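Hi,

Here is the structure I promised to pass on to you. Have a look at it first, and then read my notes below.

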Number of protein chains: 2
Amino acid sequence: MLPSENIKDFLDQGPEYLPSVSVDCVIFGFHEQQLKVLLLEFKKTKAHALPGGFVFKNESTAEAAKRILWERTGVKDIYLEQFYTFGEPNRGNWDVHKATMASHGFDLTKEHWLLQRFITVGYYALVDFSKVKPTPDIFSDVGDWYDVHDTPPLILDHNHIVAKALETLQLTIDHKLVGFNLLSETFTMNELQSLYETVLDKKLLRANFQRKMLNLGILERVKKKFTGKAHKPPFVYRFNAEALDKQNS
Amino acid sequence: MLPSENIKDFLDQGPEYLPSVSVDCVIFGFHEQQLKVLLLEFKKTKAHALPGGFVFKNESTAEAAKRILWERTGVKDIYLEQFYTFGEPNRGNWDVHKATMASHGFDLTKEHWLLQRFITVGYYALVDFSKVKPTPDIFSDVGDWYDVHDTPPLILDHNHIVAKALETLQLTIDHKLVGFNLLSETFTMNELQSLYETVLDKKLLRANFQRKMLNLGILERVKKKFTGKAHKPPFVYRFNAEALDKQNS
DNA sequence: AGCATACGTGTAAATTTTGCACAAAAAAAA
DNA sequence: TTTTTTTTGTGCAAAATTTACACGTATGCT
């Protein structure tokens, strides 16, 4: 199927969506000491945007977010949390959408459903960077990771949405054990610490951090890691889900 | 104007609202050692509900919430905070609306805008109980305060919404200084403490509570209170807004 | 076998929180 | 005016937590 046919299909799908409501996902990943966000780049217009989409009439906003997440990352069972709903009537310039569509040969009228006002429900997702293959959608040709502190200008109020998501994550990570979702299934204490340092943007004392984490009783020691380095290899930990559930409930 | 004409006006207003989006307000007040919520009781059907409404096409959800708040309480400049958006496709039984309208002589078809699916954005408000005169809307004949732990069954998912609002308030009050909004402009340390004890649902040590509050540097001592009792009257405090702004920023 | 490395734990100092006690204050009563 | 009564406001020590640093130890390489 040609790209423009996909887009026609999408535009025809308008009536199946719940009007006025969209969902945007701030997908966080952790890589090389940086907290990353997954962004899409539109074809031709080269504008950047958060992965987002619309909500089917019999679908919850959370399900819509999960669907979008799956389409963009190929990962299911993602840690997902709603953080804010952006309900301003003027969330920015919708010309981008018009231009994007025009660049594909669709000239939308002012009344077209895609150019109406949308409230967007923001979800942030924490994913294992190594498991994710950023997948562009039909409007974008690339999905790529950006340092959350060094994002390009985004369409609409998406920069604001990213900022709010980061703020929420920083407030959350300290008293709710969500950080593990950003690491692979097993990890060293060092990796965990540098994740926390990156998210909170401050140095932590190794010794105390380790004690605190171990005392939570949610880390399971797996095995030694073979590093090939001339020193003692670190333990590798796995995060114990049952214990976490108790704490978060 | 007769009630049913008001209702007709309301029903005709459908096209002016943003489709699929509503706003519900959990209005908290503090009275007689109880945390209260303002609830409406529908005429005839006697069902209870949160004050809520719809969003005009050029209005933000926050503005809509403020408007509803003003209509129900007669108070402006209310402390208002968005806490969650309820985006399930099945948020409960919409028969109540149909029945309510039927009781006013309007037989709504299944396709009527009022009976469609709505996402609702939840806001909680903190108001000075003594300043508020609960005002019913056109569907309800009474607005009344209920102990948040002793509410009647509410329509749709409104009980759930109240629970979530309370949860948010409890998490917030400890590290964000929002409690003052629930008291009158001046208050004694005792009143402030019993507010905290009620919201957090636990006893606090008077001496330490007082120290903590005073050390925040946001309380301004006003004057002695004449109680008519045979003992030392307490100081009366006023909450100093500028100092708070610094802390919350 | 010994060394370099950085991991894991022990411990003391500093700070904050908790619990309780008591004096000061002010209105009413004598 | 003096005493009585009650509750406020502050002081202080014990307990708990956080912070900072030091040291012993396991491991792979030389």
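Let me start with the interface of the two chains: chain B and chain A bury about 1,500 Å² between them, and carbon and sulfur atoms give 58% of that area. Please keep in mind that this is a predicted model. On the chain B side, the residues that lose the most area to chain A are B:Leu18, B:Gln82 and B:Arg117, which together make up 30% of what that side buries. Each partner brings a list of residues to the contact: 20 from chain B and 20 from chain A.

As for polar links, the rule finds 11 residue pairs in polar contact across the interface of chain B and chain A, counting pairs with both residues at pLDDT 80 or more. Salt bridges across the interface of chain B and chain A number 0. The side of chain B that touches chain A draws two or more residues from each of these strands of chain B: E1 (17-31), E4 (52-56), E5 (79-86) and E6 (119-126). E1(B) gives the most, with 4 residues. Sorted by class, this side of chain B has 9 nonpolar, 7 polar and 4 charged residues.

Now to chain A itself. It has 7 helices and 10 strands, and its C-alpha trace spans about 65 × 40 × 30 Å along the principal axes. Of its 249 residues, 51% count as buried. Among the contacts in chain A with a separation of 6 or more, 72% come from residues 24 or more positions apart.

Where they meet, 9 residues of domain 1 are in contact with 9 residues of domain 2. The two domains of chain A bury about 810 Å² between them, 68% of it on carbon and sulfur atoms. Three residues, A:Phe30, A:Gln170 and A:Ile173, supply 58% of the area that domain 1 buries against domain 2, more than any other three residues.

Across this domain interface in chain A the rule finds 3 residue pairs in polar contact, again with both at pLDDT 80 or more, and 0 salt bridges. On the side of domain 1 that touches domain 2, strand E2 (34-42) and helix H4 (158-173) of chain A are the elements that give two or more residues. H4(A) gives the most, with 3 residues. That side of domain 1 divides into 4 nonpolar, 4 polar and 1 charged.

Best wishes

Technical notes. Residues numbered from 1 in each chain as written. Chains lettered and ligands numbered in written order. Predicted model: local features only at pLDDT ≥ 70, side-chain atom pairs only at ≥ 80, totals over all residues. Heavy atoms only, no water. Contact = heavy atoms within 4.5 Å. Buried area = accessible area lost by both parts, 1.4 Å probe. Salt bridge = Lys/Arg side-chain N within 4 Å of Asp/Glu carboxyl O. Polar contact = N/O pair within 3.5 Å; in protein donor to acceptor, adjacent residues only side chain to side chain. Nonpolar A, V, L, I, M, F, W, Y, C, P; charged D, E, K, R; others polar. Buried < 20%, exposed > 50% of the residue type's maximum accessible area, 1.4 Å probe, protein only.
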